[in-house]
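Hi everyone, thanks for coming. Please take a look at the screen while I walk you through today's structure.

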Amino acid sequence: MPGGRLRSTQIHPADKLAVPGGGLVDIDRAVVPLVRTLWNLGFTTLGCCQDLGGSIEHNGHGSPVPAEDRQRWAAFCKGHAWLKLPTQDANRLVGILGADPLFAERVRRWTHPDAWQAVIWLFPTDDGYAGPEPAVQITFPADQLNDLVAVLEDQHPRRPAGSDAAGLLRS
């Protein structure tokens with residue numbers, strides 16, 4: 001985010017997880033299995049939410065925008081989980097899912113009723129240009145969480161304990 005980070009507030013029930021590499025972080029309870037699976041597979045996570053619409057509605061991201069002005073996005077994102085991944089990891093995740101029969105059309109077709117969105121935001125720079133954020137914001141229907149974890153675990157076995165899977169997550 002240009003100009004600094006907004007202060008976030010935990011909106012959903014959360015569990016405290018040990019982050020690979022050290023430290024503890026609160027993770028929305030409904031996305032804990034996904035986050036653990038991603039970390040076990042060596043993904044780095046930068047953020048997550050079990051219901052992005054609910055977070056926007058209750059201003060979990062600490063936006064200075066008035067509540068009535070956030071409602072359009074809150075309604076649009078209601079019932080959608082959110083992940084923020086470094087671009088390389090987002091590419092890897094979407095690639096894995098694009099090869100899976102259950103998720104292939106969801107990640108390929110934005111018109112699919114269960115479609116995913118993967119967005120790279122462009123932000124203006126101080127020199128009069130704009131540049132992409134070095135991360136991808138992924139949203140998808142939250143009711144796909146269990147299937148997503150199952151697909152990732154089935155196709156990609158757990159990394160051995162003590163592996164160097166790095167991850168950081170702010171929920």
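Predicted model: local features only at pLDDT ≥ 70, side-chain atom pairs only at ≥ 80, totals over all residues.

**A sheet and a buried leucine**

If you want a spot to look at, find Gly 47, which stands opposite Lys 84 in E4.

Now for the sheet around that pair. It is an open one, built from four strands in the order E3-E4-E8-E5, with antiparallel pairing. Strand E3 (47–49) and strand E5 (117–119) are the edges, each pairing on one side only. On average, neighbouring strands of this sheet are turned by 15° against each other, direction ignored.

How confident is it? The mean pLDDT of the protein is 85, with 85% of the residues at 70 or more. Over residues 160–171, though, the pLDDT is below 50, and in the model this stretch has 39 contacts beyond near neighbours in sequence. Among the helices and strands, confidence is highest in strand E8 (residues 135–141), at 97, and lowest in helix H2 (residues 52–57), at a mean of 83.

Is Leu 93 buried or exposed? Its relative accessible area is 0%, so Leu 93 counts as buried. And what is Leu 93 in contact with, leaving aside neighbours within four places in sequence? The partners are Leu 38, Phe 43, Leu 83, Leu 85, Trp 116, Ile 138 and Leu 152. Take Leu 152: it sits 59 residues from Leu 93 in sequence, yet the C-alpha to C-alpha distance is 9.0 Å.

Key. Residues numbered from 1 in each chain as written. Heavy atoms only, no water. pLDDT = per-residue confidence, 0-100. Helix = DSSP H or I, 4+ residues; strand = E, 2+ residues; numbered from the N terminus. Contact = heavy atoms within 4.5 Å. Buried < 20%, exposed > 50% of the residue type's maximum accessible area, 1.4 Å probe, protein only. Pairing = 2+ DSSP bridges. Axes fitted to C-alpha atoms, helices over the stretch in contact; angles between N-to-C directions.
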